[in-house]
Amino acid sequence: MTDTTTHHRICPLCEACCGLEIKVQSSKVISIRGHDADVLSAGYICPKGVALKDLHEDPDRLRTPLIKRNGVFAQASWEEAFAEIERRLPPLMAAHGRNATAVVVGNPSAHKIGLLTYFGKLARALGTKNVFSASTLDQMPKQLASGLMFGHWLSVALPDISHTDYLLVLGANPLVSNGSMWTVPDFKGKAKALQARGGRLVVIDPRRTETAAVADSHHFIRPNADVFLLAAMVHTLFADGLVNLGAVPDSVNGVSEVQQAVAPFTPEAVATRCGISVDTIRTLARDLAGASRAAVYARIGTCTQEYGTLASWLVDVLNTLTGNLDREGGVLFAKSAAFAANTIGKPGIGKGVTTGRHHARVSGAPEVYGELPITCLAEEIETAGEGQVRALFTVATNPVLSNPNGPRLAKALDSLEFMVSMDIYLNETTRHADVILPGLSPLEELHFDVAFPQLSWRNHARYSPPVLPSAHDQPEEWQTLLKLAAIVLGKGAQVDANALDDAQFAEDAQRLFGAHADAVIHATKGLQGPQRTLEVALRAGPYGDQFGRNPNGLTLAKVMASNHTGGIDLGELQPRIPEMLRTPSGKVELAPPSLLQDLQRATQDLLRLAPDLVIIGRRDVRTNNSWMHNLPVLAKGPFRCTVLVHPEDAARLHLQDGAMVDIHNGPRSVQAQVHISNEMMPGVVSLPHGWGHNLPGAKLHLAAERPGTNLNALLDDQLRDPLSGNAVLGGVAVTMRPASAQALAPTAGQTFSRATM
Ligand SMILES: Nc1nc2c(c(=O)[nH]1)N[C@H]1C(S)=C(S)[C@@H](COP(=O)(O)OP(=O)(O)OC[C@H]3O[C@@H](n4cnc5c(=O)[nH]c(N)nc54)[C@H](O)[C@@H]3O)O[C@H]1N2
Ligand SMILES: Nc1nc2c(c(=O)[nH]1)N[C@H]1C(S)=C(S)[C@@H](COP(=O)(O)OP(=O)(O)OC[C@H]3O[C@@H](n4cnc5c(=O)[nH]c(N)nc54)[C@H](O)[C@@H]3O)O[C@H]1N2
Ligand code: SF4
Ligand SMILES: [Mo]
């Protein structure tokens, strides 16, 4: 075993960002486990981390570019692929203008320093307003609410789980998802520690989830009703004289405006709508106010709904009005070692956030955080006229499965004149492309999390070098993005990406460091790409060595040197108000006018009757949105893409456990296998998203063996939260009836072998 080497690598697959210990022998991964010394995750790991080996070895994973000619993909060299793009794209842009192009970036890019720090270069080169991302299927409401309140899109208040006595969780299932907009590996262990010191965990969810099962109490809620529950809790705080601004009374604007705005939302007015009793609503508010230290956390279940921004906002209104904002055991802000806007510039004041700087051509939906709602993409391709999208770049995204009304989008993609995908698979989306440019296996890439330290339960800095060399002479994805930008800007496919990077870095240094630019360029000599960007961000960051002025401070070399000892621990989260605020007033804006105005919509909606049957989504530990069903270690075991139905609903609708059912939403319908379960709130059914791997032309052999049902083929792409542009993915009214006799249910517990491929 002499040639066995041990490597430490941050897992890039979900927001928990666990530290892994990977053993390699003769260039083959022989084991992956949690890294006990990791300062953030302390050895925690889930089955997906282990699946990095399967991902690395997956024969379906692309290693060379593909070019489609006469409808058939063929392997191509990188030179051929870039030449093809140069041949086809610039003429199209010359004829139809910049807005004839669009770009979509997806979830994995949040976990890739190269994609995250270089994607903007492609978007800027294109100069199109048609920039879309998975953010508007996900967390944009939380980002908008946080931006309006605290002044920056990533200034998100995080529960101080190590010290809190009461944690209220809405619309999140961290035991399965491992946390989101909150990097908190081993949530379960931390929740148990909270309970062991006498604290309580309370969950509000239309399904008795894995997280609800370990909670001290769980309350069902009608999907889409969180805004009403939260507003009524705020109402109760005022009515009972429980409002207390804790440590930040001089830093909060708008308390009386909030009091006025929630006046219609008495517990009596909302109880039926929520499916929660008046007494329970009052008790929830009183317990939150009465706990010595408490925190409210809400995630995707509260974002992907009609009132996503309002619900996200009211969560932090509750945190603020119970004295828990910015204090130990309440909610705190991380202080990230690099890249955080709330550590850059003048402390305590800023420009705040604005939306609507431009609008979508067809729907008129406002821009948010530089993007248009991703659910506008299909119509922007379909609708003729000036600015019609004719050429599309997709980067690490699979919107044919992940977007509501995916089948409509698939059809629209077929009508494009040109499409380029940066992706590691030929899948449901990239099958529509003319050129596919593959990224590396995560084990071949260096890693530093740009976004997640801004959302972490503890401050830290960790860097992972590549575990294995790139076996196929592939460019790194930041180089590919620079090449594409160069082609778009007319610099030609022959351009040297590294030289281009040097030139752009020199320009950036001039802009950022003025008279010190030469010193910065000199200090980073020998580095390139995202590594160089990182070195500058770390050294100029809040813990940085300030290029020598603070000799004990962080440098990239110091963070790299800590790789085998689990990274650098930068301590527990600490109070940061007012220094972290970037609002124009220098205060926490508790009552942003756009939110108060939108609350009128909820007021008018108070009396609407909830539909009989609505559908919500679900996640499973062995899945990751739409793309990890091709990995043997995750694909094995019971079939996970079932529709959960409460026994009362099953009886009423004559549905048998294990049988197939037709699910309808207006003109759209899908078939799925029923699993009867009293985990569900009556009147609510649940089907996971990211399945439906039976589309022709994809190359995902294992996933296609048990393709599952595409929930998004059922959902409407026209329903959005108007403020954030986020898609509505839950609480959608459906009808169900037993499927015709021919429909065959997949066998539960079926196992798979590669022999079929
Ligand atoms: N109904 C419903 N729909 C949902 C959701 C839901 O809860 N319900 N959740 C939504 C959420 S939260 C999200 S984030 C979106 C996610 O939706 P997407 O952004 O589409 O992300 P994934 O489905 O994870 O697909 C990731 C894609 O990136 C590719 N990929 C993986 N690694 C790399 C890499 O290193 N480089 C490149 N270039 N490509 C790579 C994969 O092959 C795949 O094509 O889905 C959303 N869709
Ligand atoms: N294993 C695994 N982990 C993942 C992912 C994955 O696909 N698989 N995806 C990753 C991504 S991209 C993201 S964004 C995160 C998401 O992380 P989480 O937000 O924790 O995601 P979910 O597990 O979908 O939990 C959402 C919960 O909201 C509930 N819910 C639905 N509608 C409502 C409602 O109207 N009100 C309330 N109160 N609750 C509601 C659902 O029942 C569900 O339990 O997970 C990430 N982690
Ligand atoms: S929880 Fe699993 S998928 Fe997420 S970072 Fe940790 S090991 Fe990776
Ligand atoms: Mo997500």
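This is a predicted model: local features need pLDDT of at least 70, side-chain atom pairs count only at pLDDT 80 or more; totals for chains, interfaces and linings use all residues.
Residues are numbered from 1 along each chain as its sequence is written, chains are lettered from A and ligands numbered from 1 in the order in which they are written, and side-chain values use heavy atoms, with hydrogens and water left out.

The ligand site comes first. Ligand 2 has 29 residues around it, of which Ser177, Asp205, Asp226, Asp620 and Asn625 come nearest; a residue is near when one of its heavy atoms lies within 4 Å. By class, this shell holds 9 nonpolar, 12 polar and 8 charged residues, where Asp, Glu, Lys and Arg count as charged, Ala, Val, Leu, Ile, Met, Phe, Trp, Tyr, Cys and Pro as nonpolar, and the others, Gly among them, as polar. Because domain 1 (140–344 + 576–604) and domain 3 (617–756) both give residues to the shell, ligand 2 lies between them; the domain bounds come from an automatic or database assignment. Helix H6 (174–177) and helix H13 (300–303) each supply at least two of the shell residues; helices are DSSP runs of H or I with at least four residues, and strands are runs of E with at least two.

Several polar contacts, that is, pairs of N or O atoms within 3.5 Å, can be listed for this ligand. An oxygen atom of ligand 2 is 2.7 Å from an N or O atom in the side chain of Ser177, and an oxygen atom of the ligand is 2.9 Å from a polar backbone atom of Asn173. A polar side-chain atom of Arg619 lies 2.8 Å from a nitrogen atom of ligand 2. The protein covers 96% of the 920 Å² of accessible area that ligand 2 has on its own, by the Shrake-Rupley method with a 1.4 Å probe.

Attention now turns to strand S2 (residues 19–25), in which 5 of 7 residues are buried, meaning under 20% relative accessible area. S2 pairs in the antiparallel sense over 6 bridges with strand S1 (residues 5–10), and His7 has Ile22 as its bridge partner in S2; pairing requires at least two DSSP bridges. S2 also pairs with strand S3 (residues 28–34), again antiparallel over 6 bridges, and Glu21 stands opposite Arg33 in S3. Within the hairpin of S2 and S3, which has 2 residues between the strands, Ser26 takes a positive phi near 45°.

Finally, Asn459 belongs to strand S20 (residues 458–461). Asn459 is buried, with a relative accessible area of 4%, and a polar atom of the Asn459 side chain lies 2.9 Å from the backbone nitrogen of Lys335.

Definitions and conventions: A polar contact is a pair of N or O atoms within 3.5 Å; within protein, one must be able to donate a hydrogen and the other to accept it, and residues adjacent in sequence count only if both atoms are side-chain atoms. Buried means under 20% relative accessible area, exposed over 50%, partly exposed in between (1.4 Å probe, protein chains only).
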